[in-house]
Amino acid sequence: MAQILTGMTAVIFVSTRSVDDDAGYAAAAETMVRLAARQPGYVDIVSVRAADRRGITISYWADEAAALAWRDQPEHRAIRERGRGVWYDDYQVVVATVDRAYAWTRA
C-alpha cells in the first residue's frame, strides 16, 4: 500500500453488486485499476467485497483536481455507465480529504 498523506483526496465507493455478468464485472474492474494507476495524481486503490455482494473501494488521489479528472476520464465514464446498467444494484460515492493517516505492519 502506498503512503497515504494528509491533504490527499479519498474517493470512497460503497456498492452492492448485482448477480449479473460476474465475468464482465471482473474484467471491467481490472481495467479500472489499470486506468486509474495511469492517471496523474493517482496514489493507491484498496477494494474489498463480502459474500453478500456488498463492497467498498477507496481510491486515493494527490488532490481533488486529480480525483475529478479520474471521474471525468472517458473510459472510466463508459465503464461506470455499464455498471449502472448491469453490475450494481446500488452504490454511493463519498469524497473526503484525508485529515490524518497512519499505518502499522506486523514485523
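Author: The buried residues of α3 pack against β1, α1, α2 and β4 (88-97), where contact means heavy atoms within 4.5 Å and buried means under 20% relative accessible area, exposed over 50% and partly exposed in between, with a 1.4 Å probe and protein chains only. Helices (H or I, at least four residues) and strands (E, at least two) are DSSP runs numbered from the N terminus. This is a predicted model, in which local features need pLDDT of at least 70 and side-chain atom pairs count only at pLDDT 80 or more, while totals for chains, interfaces and linings use all residues. Residues are numbered from 1 along each chain as its sequence is written, and side-chain values use heavy atoms, with hydrogens and water left out.

Reader: On which side of α3 do the buried residues lie?

Author: The buried residues of α3 are His76, Ile79, Arg80, Gly83, Val86 and Trp87. Because they cover an arc of only 150° around the axis, taken from the directions from the helix axis to the C-beta atoms, they lie on the same side of α3.

Reader: Which residue caps the N-terminal end of α3, and how far apart are its end C-alpha atoms?

Author: A side-chain oxygen of the capping residue, Gln73, lies 2.7 Å from the backbone nitrogen of Glu75. At 1.5 Å times one less than its number of residues, the 14 residues of α3 should span 20 Å, which agrees with end C-alpha atoms that are apart by 19 Å.

Conventions:
Polar contact = N/O pair within 3.5 Å; in protein donor to acceptor, adjacent residues only side chain to side chain.
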